[in-house]
Amino acid sequence: MFSLTVLGSGSGGNCALVTSDRCRILIDAGFSARRISQRLQSLGIEPESLDGILLTHEHSDHIAGLKVFCGKFDVPVYCNSLTAEYLCREGIAEANRYKIFSTGSSFTIQDIDVQAFYVPHDAVDPVAFVLSSDYGSVGFLTDLGYAPKLARERIREVHTLVVETNHDEQRLQADSKRPWSVKQRILSRHGHLSNEAAAALVADIAGENLRRVILGHLSRECNSPELALGAMRRLSLDSLELHCAEQNQVSPQFEIGPLPVARPLRQNDWVTTGCSTVSEKINPVAGGHDNEQQAEYLLNLGWDVG
Ligand SMILES: [Zn+2]
Ligand SMILES: [Zn+2]
(Lines give C-alpha, C1' and ligand atoms only; values in the text may rest on other atoms or scores of the structure.)
(Ligands and ions follow the chains in the order given, each with its own letter.)
Protein backbone atom coordinates (compact mmCIF):
# COMPACT_ATOMS: atom_id res chain seq x y z
CA MET A 1 0.00 0.00 0.00
CA PHE A 2 1.29 3.44 -0.91
CA SER A 3 -1.05 6.38 -0.95
CA LEU A 4 -1.36 10.14 -1.00
CA THR A 5 -4.07 12.28 0.56
CA VAL A 6 -3.94 16.05 0.20
CA LEU A 7 -5.19 17.43 3.51
CA GLY A 8 -5.49 20.88 1.92
CA SER A 9 -3.67 22.97 -0.64
CA GLY A 10 -3.77 26.58 -1.77
CA SER A 11 -2.27 29.97 -1.07
CA GLY A 12 -3.83 29.73 2.42
CA GLY A 13 -1.94 26.61 3.50
CA ASN A 14 -0.51 23.32 2.30
CA CYS A 15 -0.31 19.89 3.89
CA ALA A 16 -0.38 16.38 2.44
CA LEU A 17 -0.17 12.89 3.87
CA VAL A 18 1.74 9.98 2.36
CA THR A 19 1.28 6.53 3.84
CA SER A 20 2.91 3.21 3.10
CA ASP A 21 2.87 -0.22 4.74
CA ARG A 22 5.22 1.01 7.48
CA CYS A 23 5.25 4.77 7.35
CA ARG A 24 3.14 7.94 7.64
CA ILE A 25 4.64 11.24 6.55
CA LEU A 26 3.29 14.75 6.26
CA ILE A 27 4.57 17.01 3.51
CA ASP A 28 4.50 20.50 5.05
CA ALA A 29 2.28 21.70 7.89
CA GLY A 30 0.78 24.88 6.45
CA PHE A 31 -2.39 25.32 8.45
CA SER A 32 -3.19 25.22 12.14
CA ALA A 33 -2.14 22.24 14.25
CA ARG A 34 -5.76 21.82 15.30
CA ARG A 35 -6.93 21.62 11.69
CA ILE A 36 -4.11 19.27 10.68
CA SER A 37 -4.98 17.02 13.63
CA GLN A 38 -8.68 17.09 12.80
CA ARG A 39 -8.08 16.22 9.18
CA LEU A 40 -5.71 13.39 10.11
CA GLN A 41 -8.22 12.03 12.62
CA SER A 42 -10.96 12.19 9.98
CA LEU A 43 -8.80 9.65 8.14
CA GLY A 44 -8.39 7.51 11.25
CA ILE A 45 -4.79 8.63 11.85
CA GLU A 46 -3.57 9.88 15.20
CA PRO A 47 -1.11 12.77 14.82
CA GLU A 48 1.40 11.22 17.22
CA SER A 49 1.63 8.16 14.99
CA LEU A 50 3.37 10.12 12.22
CA ASP A 51 6.94 9.11 11.33
CA GLY A 52 7.90 12.61 10.28
CA ILE A 53 7.05 15.94 8.69
CA LEU A 54 8.97 16.81 5.51
CA LEU A 55 9.34 20.53 4.88
CA THR A 56 9.71 22.08 1.44
CA HIS A 57 10.53 25.58 2.75
CA GLU A 58 9.82 28.02 5.54
CA HIS A 59 7.00 30.15 4.11
CA SER A 60 4.04 30.38 6.44
CA ASP A 61 1.64 28.58 4.10
CA HIS A 62 3.89 25.52 4.64
CA ILE A 63 4.75 25.77 8.34
CA ALA A 64 1.90 27.72 9.99
CA GLY A 65 0.93 24.84 12.26
CA LEU A 66 4.41 23.47 12.88
CA LYS A 67 5.21 25.18 16.19
CA VAL A 68 2.02 24.12 17.96
CA PHE A 69 2.07 20.67 16.33
CA CYS A 70 5.65 20.08 17.50
CA GLY A 71 4.70 21.31 20.98
CA LYS A 72 1.95 18.71 21.21
CA PHE A 73 3.39 15.74 19.36
CA ASP A 74 6.84 14.18 19.34
CA VAL A 75 7.24 13.96 15.56
CA PRO A 76 10.60 14.56 13.82
CA VAL A 77 10.88 17.38 11.30
CA TYR A 78 12.91 16.66 8.16
CA CYS A 79 14.38 19.72 6.46
CA ASN A 80 17.67 21.08 5.15
CA SER A 81 20.06 23.00 7.39
CA LEU A 82 19.24 26.52 6.22
CA THR A 83 15.54 25.91 6.75
CA ALA A 84 16.24 24.43 10.20
CA GLU A 85 18.39 27.45 11.12
CA TYR A 86 15.59 29.77 10.13
CA LEU A 87 13.01 27.78 12.11
CA CYS A 88 15.27 27.66 15.18
CA ARG A 89 15.78 31.43 15.02
CA GLU A 90 12.03 31.90 14.83
CA GLY A 91 11.52 29.58 17.81
CA ILE A 92 9.37 27.16 15.80
CA ALA A 93 10.96 24.05 17.29
CA GLU A 94 14.11 23.22 19.23
CA ALA A 95 17.25 22.12 17.42
CA ASN A 96 17.03 18.49 18.51
CA ARG A 97 13.71 18.12 16.72
CA TYR A 98 15.19 18.44 13.24
CA LYS A 99 16.52 15.67 11.08
CA ILE A 100 18.71 17.43 8.55
CA PHE A 101 19.05 16.37 4.93
CA SER A 102 21.15 17.97 2.22
CA THR A 103 19.38 19.47 -0.74
CA GLY A 104 20.06 17.12 -3.65
CA SER A 105 20.36 14.05 -1.44
CA SER A 106 18.30 10.89 -0.99
CA PHE A 107 17.37 9.34 2.33
CA THR A 108 14.98 6.78 3.75
CA ILE A 109 12.18 7.02 6.27
CA GLN A 110 11.03 3.49 7.14
CA ASP A 111 10.07 1.96 3.77
CA ILE A 112 9.88 5.25 1.83
CA ASP A 113 12.82 6.65 -0.14
CA VAL A 114 12.89 10.43 -0.33
CA GLN A 115 14.71 12.53 -2.91
CA ALA A 116 14.98 16.22 -2.09
CA PHE A 117 16.02 18.57 -4.87
CA TYR A 118 16.37 22.29 -5.38
CA VAL A 119 13.65 24.42 -6.89
CA PRO A 120 13.92 28.18 -7.59
CA HIS A 121 11.71 30.07 -5.11
CA ASP A 122 12.24 33.04 -2.82
CA ALA A 123 12.93 31.04 0.35
CA VAL A 124 16.20 30.22 2.17
CA ASP A 125 16.72 26.78 0.56
CA PRO A 126 13.49 25.56 -1.08
CA VAL A 127 13.15 21.95 -2.19
CA ALA A 128 10.73 19.65 -3.94
CA PHE A 129 10.39 15.94 -3.21
CA VAL A 130 9.95 12.59 -4.89
CA LEU A 131 8.81 9.83 -2.51
CA SER A 132 9.19 6.24 -3.69
CA SER A 133 8.26 2.82 -2.42
CA ASP A 134 8.09 -0.63 -3.97
CA TYR A 135 4.70 0.35 -5.39
CA GLY A 136 5.65 3.50 -7.30
CA SER A 137 6.55 7.12 -6.70
CA VAL A 138 4.90 10.46 -6.13
CA GLY A 139 6.36 13.91 -6.82
CA PHE A 140 5.65 17.15 -4.98
CA LEU A 141 6.51 20.17 -7.06
CA THR A 142 5.04 23.37 -5.67
CA ASP A 143 6.41 26.83 -4.96
CA LEU A 144 8.78 27.35 -7.86
CA GLY A 145 9.18 30.12 -10.41
CA TYR A 146 10.13 27.68 -13.15
CA ALA A 147 11.20 24.04 -13.38
CA PRO A 148 14.95 23.68 -14.03
CA LYS A 149 16.24 20.68 -15.95
CA LEU A 150 17.21 18.79 -12.80
CA ALA A 151 13.71 19.10 -11.32
CA ARG A 152 12.20 17.89 -14.60
CA GLU A 153 14.48 14.86 -14.57
CA ARG A 154 13.62 14.06 -10.97
CA ILE A 155 9.85 13.96 -11.61
CA ARG A 156 9.96 12.29 -15.01
CA GLU A 157 9.42 8.78 -13.63
CA VAL A 158 6.71 9.45 -11.06
CA HIS A 159 3.33 7.74 -11.13
CA THR A 160 1.49 10.65 -9.45
CA LEU A 161 2.54 14.29 -9.53
CA VAL A 162 1.35 17.11 -7.30
CA VAL A 163 2.16 20.25 -9.26
CA GLU A 164 1.63 23.90 -8.53
CA THR A 165 -0.92 25.73 -10.66
CA ASN A 166 -0.72 28.96 -8.73
CA HIS A 167 -2.39 31.54 -10.91
CA ASP A 168 -4.00 32.44 -14.16
CA GLU A 169 -1.70 35.08 -15.62
CA GLN A 170 -4.49 37.28 -16.96
CA ARG A 171 -6.30 37.23 -13.63
CA LEU A 172 -3.10 38.06 -11.81
CA GLN A 173 -2.31 40.97 -14.14
CA ALA A 174 -5.87 42.29 -13.81
CA ASP A 175 -5.96 41.97 -10.00
CA SER A 176 -6.31 45.49 -8.61
CA LYS A 177 -5.56 44.56 -4.98
CA ARG A 178 -2.01 43.32 -5.49
CA PRO A 179 0.71 45.96 -5.87
CA TRP A 180 2.96 45.77 -8.93
CA SER A 181 5.91 44.56 -6.84
CA VAL A 182 3.96 41.56 -5.52
CA LYS A 183 2.85 40.64 -9.03
CA GLN A 184 6.45 40.84 -10.20
CA ARG A 185 7.52 38.58 -7.34
CA ILE A 186 4.88 35.97 -8.18
CA LEU A 187 5.73 36.06 -11.90
CA SER A 188 9.51 36.02 -11.38
CA ARG A 189 11.80 33.01 -11.76
CA HIS A 190 11.72 32.67 -7.97
CA GLY A 191 7.95 33.01 -7.70
CA HIS A 192 5.16 30.62 -8.60
CA LEU A 193 4.10 28.52 -11.59
CA SER A 194 1.15 29.76 -13.62
CA ASN A 195 -1.49 27.37 -14.97
CA GLU A 196 0.07 27.58 -18.42
CA ALA A 197 3.61 26.97 -17.17
CA ALA A 198 2.47 23.97 -15.14
CA ALA A 199 0.61 22.50 -18.11
CA ALA A 200 3.66 22.91 -20.35
CA LEU A 201 5.79 21.23 -17.69
CA VAL A 202 3.42 18.27 -17.36
CA ALA A 203 3.27 17.90 -21.15
CA ASP A 204 7.06 17.85 -21.21
CA ILE A 205 7.60 15.23 -18.53
CA ALA A 206 4.58 12.98 -19.15
CA GLY A 207 5.80 9.60 -20.27
CA GLU A 208 5.33 5.96 -19.60
CA ASN A 209 4.84 6.19 -15.85
CA LEU A 210 2.80 9.30 -15.20
CA ARG A 211 -0.81 8.40 -14.52
CA ARG A 212 -2.24 11.13 -12.32
CA VAL A 213 -1.70 14.85 -11.83
CA ILE A 214 -3.02 16.73 -8.83
CA LEU A 215 -3.12 20.49 -9.26
CA GLY A 216 -2.31 22.38 -6.09
CA HIS A 217 -1.37 25.66 -4.43
CA LEU A 218 -4.05 27.64 -6.30
CA SER A 219 -4.27 31.33 -5.50
CA ARG A 220 -7.67 32.12 -4.04
CA GLU A 221 -8.08 35.41 -5.92
CA CYS A 222 -6.15 34.78 -9.13
CA ASN A 223 -7.20 31.26 -10.07
CA SER A 224 -9.97 28.69 -10.05
CA PRO A 225 -10.07 24.90 -10.50
CA GLU A 226 -11.80 25.43 -13.85
CA LEU A 227 -9.01 27.67 -15.14
CA ALA A 228 -6.25 25.36 -13.86
CA LEU A 229 -7.87 22.23 -15.29
CA GLY A 230 -8.65 24.10 -18.52
CA ALA A 231 -4.96 24.87 -19.06
CA MET A 232 -4.18 21.14 -18.78
CA ARG A 233 -6.97 20.23 -21.19
CA ARG A 234 -5.76 22.73 -23.78
CA LEU A 235 -2.57 20.68 -23.99
CA SER A 236 -4.59 17.46 -24.31
CA LEU A 237 -3.52 16.31 -20.85
CA ASP A 238 -7.01 15.24 -19.85
CA SER A 239 -6.15 11.70 -20.89
CA LEU A 240 -4.28 11.66 -17.58
CA GLU A 241 -6.24 11.40 -14.35
CA LEU A 242 -6.54 15.05 -13.31
CA HIS A 243 -7.60 16.36 -9.91
CA CYS A 244 -7.59 19.77 -8.34
CA ALA A 245 -6.72 19.90 -4.64
CA GLU A 246 -8.83 22.19 -2.50
CA GLN A 247 -7.97 24.49 0.37
CA ASN A 248 -10.79 23.47 2.66
CA GLN A 249 -11.43 19.90 1.77
CA VAL A 250 -9.47 16.68 2.19
CA SER A 251 -8.86 14.98 -1.14
CA PRO A 252 -9.68 11.36 -1.88
CA GLN A 253 -6.97 8.88 -0.93
CA PHE A 254 -4.96 8.32 -4.09
CA GLU A 255 -3.22 5.00 -4.46
CA ILE A 256 0.27 5.37 -5.91
CA GLY A 257 1.07 2.75 -8.50
CA PRO A 258 1.61 0.12 -9.63
CA LEU A 259 0.98 0.74 -13.30
CA PRO A 260 -2.44 -0.66 -14.18
CA VAL A 261 -2.02 -4.00 -15.88
CA ALA A 262 -5.45 -5.46 -16.48
CA ARG A 263 -4.25 -8.85 -17.69
CA PRO A 264 -1.28 -10.29 -19.52
CA LEU A 265 -1.27 -9.72 -23.27
CA ARG A 266 -1.70 -12.77 -25.45
CA GLN A 267 -0.51 -13.17 -28.96
CA ASN A 268 -3.95 -12.54 -30.43
CA ASP A 269 -4.00 -9.14 -28.82
CA TRP A 270 -1.45 -7.98 -31.35
CA VAL A 271 -3.86 -8.91 -34.11
CA THR A 272 -7.03 -7.68 -32.54
CA THR A 273 -5.88 -4.49 -30.87
CA GLY A 274 -2.73 -3.51 -32.74
CA CYS A 275 0.23 -1.69 -31.26
CA SER A 276 -1.14 1.80 -31.43
CA THR A 277 -4.21 0.93 -29.38
CA VAL A 278 -2.15 -0.86 -26.74
CA SER A 279 0.28 2.00 -26.74
CA GLU A 280 -2.47 4.55 -26.18
CA LYS A 281 -3.72 2.56 -23.22
CA ILE A 282 -0.28 2.44 -21.66
CA ASN A 283 0.90 5.87 -22.52
CA PRO A 284 -2.00 8.22 -23.12
CA VAL A 285 0.18 11.27 -23.62
CA ALA A 286 3.23 10.28 -25.56
CA GLY A 287 1.32 8.27 -28.15
CA GLY A 288 2.72 5.42 -30.19
CA HIS A 289 6.03 3.59 -30.10
CA ASP A 290 7.41 1.56 -32.92
CA ASN A 291 7.05 -2.22 -32.58
CA GLU A 292 10.48 -2.81 -31.10
CA GLN A 293 10.13 -0.11 -28.47
CA GLN A 294 6.64 -1.33 -27.72
CA ALA A 295 7.77 -4.89 -27.15
CA GLU A 296 10.64 -3.72 -24.97
CA TYR A 297 8.30 -1.59 -22.92
CA LEU A 298 5.83 -4.40 -22.45
CA LEU A 299 8.66 -6.67 -21.36
CA ASN A 300 9.72 -4.06 -18.84
CA LEU A 301 6.22 -4.19 -17.43
CA GLY A 302 6.48 -7.93 -17.13
CA TRP A 303 3.79 -8.47 -19.73
CA ASP A 304 3.77 -11.57 -21.87
CA VAL A 305 4.30 -10.28 -25.38
CA GLY A 306 4.47 -13.42 -27.25
ZN1 LIG B 1 6.60 29.62 -0.82
ZN1 LIG C 1 3.49 28.17 -0.76
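**Contacts of Pro 258 and helix packing in the predicted model**

Setting aside residues up to four places away in sequence, Pro 258 touches Tyr 135 and Gly 136. Pro 258 sits in the loop that runs between strand E14 (254–255) and helix H10 (267–272). In sequence, 122 residues separate Pro 258 from Gly 136, yet in space their C-alpha atoms are 5.8 Å apart. Pro 258 has 14 other C-beta atoms within 10 Å; because a buried residue needs 20 or more and an exposed one has 12 or fewer, Pro 258 counts as partly exposed.

The chain as a whole gives some context for this pairing. Its secondary structure consists of 12 helices and 14 strands, and 43% of its 306 residues count as buried. When contacts between residues at least 6 apart in sequence are considered, 66% of them join residues at least 24 apart.

Ile 36, Arg 39 and Leu 40 are its buried residues. Viewed down the helix axis, these buried residues fall within an arc of 100 degrees, so they line one face of H1. The buried residues of H1 pack against strand E1 (2–8), strand E2 (15–20) and helix H3 (66–72). On the other side of H1 lie the exposed residues Arg 34, Gln 41 and Ser 42. Just after the helix, Gly 44 adopts a positive phi of about 80 degrees.

For helix H8 (residues 195–205) and helix H9 (residues 225–234), the axes come within 9 Å and cross at roughly 40 degrees. This angle makes H8 oblique to H9, and the crossing of the two helices is right-handed. On the H8 side, the contact is made by Asn 195, Glu 196, Ala 199 and Val 202. The H9 side contributes Leu 227, Ala 228, Ala 231, Met 232 and Arg 234. Sorted by class, the residues in the contact of H8 with H9 comprise six nonpolar, one polar and two charged.

Methods:
Residues numbered from 1 in each chain as written. Chains lettered and ligands numbered in written order. Predicted model: local features only at pLDDT ≥ 70, side-chain atom pairs only at ≥ 80, totals over all residues. Helix = DSSP H or I, 4+ residues; strand = E, 2+ residues; numbered from the N terminus. Contact = placed C-beta atoms within 7 Å. Axes fitted to C-alpha atoms, helices over the stretch in contact; angles between N-to-C directions. Parallel < 35°, antiparallel > 145°, perpendicular 65-115°, else oblique. Left-handed = near helix turned anticlockwise from the far one by under 90°. Nonpolar A, V, L, I, M, F, W, Y, C, P; charged D, E, K, R; others polar. Arc of directions from axis to C-beta.
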